[in-house]
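Biologist: Hi! Could you walk me through this structure in plain words?
Modeller: Happy to, let's have a look together.

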Amino acid sequence: MSDPKVVRQLSYSAALQSAPEIANSQRIMAESIASSTTTMDTILKELLAIKSSISSLEHTVSTNTTEVQGLRNEVVKFQISMQSTDARLSAVENLIDKIPHNSQDIGYLQQKVIELEDRSRRNNLQIIGLPEQIEKDNILDFLTTFLPTLRKITFSQPLDFQRAHHVRSRGITSSARPRHVLACCLRHQQTRQIIMAAKKHGPYEYGSSQIIITADFSAPTNFKRKQFLNVRTRLKKRDIKYGLLEPATMTVIFQGKTKEYFDPHDLESFLNDLDDKDTEMEHKSTSNTDIIESTSSISPEDTDQGEWVSVQRQWTHGGKFKAWKKNHPRDKSRSPIKP
């Protein structure tokens with residue numbers, strides 16, 4: 001058995017020998033622990049930064065989700081609005097589809113309105129060229145005494161006016177030209193009597209002024225009358241009798257037939273058809289004249305044997321070839337067929 005003292009001495013000496021190694025290992029362990037603590041702190045800071053970034057991202061995602069939801073609501077509203085617009089558009093298209101069926105009624109109503117306006121103006125007189133201030137502030141009394149003396153018109157009843165006033169014609173801006181006078185007679189017969197006398201005698205000479213008296217029509221009727229009057233030159237060129245009836249109807253007498261035109265375009269179409277027919281007849285007559293001239297300029301003496309038959313056919317139709325053949329026997333020497 002070993003001595004206990006010796007064992008303790010050996011253990012103590014071994015402990016003395018291993019103390020530096022233990023201290024070194026403890027130092028290394030302490031450094032590793034410190035290093036790991038630093039690493040953990042760094043990791044912890046990074047984790048906190050990541051957490052903060054995730055929180056910010058979550059806030060951004062929440063904000064975007066709210067905006068997307070708002071956009072979705074706006075899209076839904078837009079879809080509803082588009083559906084409403086489509087419905088209204090369909091209703092308008094249906095109305096437009098129905099309009100052609102009522103176009104004749106609309107045109108009829110427009111024409112009736114124009115007729116009513118013309119009828120309401122049937123007692124009016126339009127006096128053009130009357131000098132200003134000649135009436136001396138009482139135009140009714142002036143017209144009552146002035147109009148009967150123009151062509152010595154006699155009325156069965158006293159001439160009376162409901163109203164009269166100056167009116168500037170559209171498009172006239174010069175103050176040098178006198179304004180038109182619009183007068184409304186009380187009796188339509190007197191209005192017609194004055195207008196017929198004005199048509200018969202033309203413009204009136206009043207001092208140094210020329211006075212024209214015409215009927216008063218609505219603007220559409222005046223425009224239609226001007227269109228009819230523009231065709232007068234073409235009618236006169238063809239010696240076609242015509243007459244413009246009031247308010248705006250052109251009567252045409254052609255080849256013993258009388259026809260009334262209510263639309264100027266219909267009358268222009270009629271004249272255009274006549275022009276086309278005349279052009280076609282002139283073309284045919286010109287072509288026939290050219291054929292006759294070309295035929296008459298050919299004689300059998302100037303033709304070869306190959307053209308003899310065609311010349312014979314042309315001259316035989318009028319009997320000219322037989323008469324010519326009696327006096328001009330055929331020259332066989334010109335024949336390409338030798339005996």
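Biologist: In which sense do β6 and β7 pair, and over how many bridges?
Modeller: This is a predicted model. In it, β6 and β7 (residues 249-254) pair in the antiparallel sense, over 5 bridges. For example, K241 stands opposite I253 in β7.

Biologist: Nice. What is the strand order of the open sheet?
Modeller: The open sheet has 3 strands in the order β6-β7-β8, with antiparallel pairing. Its edge strands are β6 (241-245) and β8 (257-261), and each pairs on one side only. From one strand to the next, the twist averages 20°.

Biologist: Which helix packs on the sheet?
Modeller: That's α4 (residues 219-229), which touches β6, β7 and β8. The direction of α4 makes about 170° with that of β6.

Biologist: Now the loops. Which residues does the cis peptide bond join?
Modeller: E246 and P247, with omega about 0°. P247 is in the loop between β6 and β7. Most peptide bonds are trans.

Biologist: And what is phi like at Q255?
Modeller: Positive, about 55°, although Q255 is not a glycine. This residue is in the loop between β7 and β8.

Biologist: Is Q255 buried or exposed?
Modeller: Q255 counts as exposed, because its relative accessibility is 68% and the cut-off for exposed is over 50%.

Biologist: Changing topic: which residues make the nonpolar surface patch?
Modeller: M40, I43, L47, I50 and I54 make a patch of about 470 Å². M40 is in helix α1 (residues 4-120). M40 counts as exposed because its relative accessibility is 53%.

Technical notes: Residues are numbered from 1 along each chain as its sequence is written. This is a predicted model: local features need pLDDT of at least 70, side-chain atom pairs count only at pLDDT 80 or more; totals for chains, interfaces and linings use all residues. Side-chain values use heavy atoms; hydrogens and water are left out. Patches are made of residues with over 30% relative accessible area and no salt bridge: like charges are joined within 9 Å, nonpolar side chains (Val, Leu, Ile, Met, Phe, Trp, Tyr) within 5 Å. Accessible areas come from the Shrake-Rupley method with a 1.4 Å probe; for residues, only the protein chains shown count as cover. A salt bridge is a side-chain nitrogen of Lys or Arg within 4 Å of a carboxyl oxygen of Asp or Glu. Helices (H or I, at least four residues) and strands (E, at least two) are DSSP runs, numbered from the N terminus. Buried means under 20% relative accessible area, exposed over 50%, partly exposed in between (1.4 Å probe, protein chains only). Two strands pair if DSSP finds at least two bridges between them. Axes are lines fitted to C-alpha atoms, for helices over the stretch in contact, and angles run from 0 to 180 degrees between N-to-C directions. Contact means heavy atoms within 4.5 Å.
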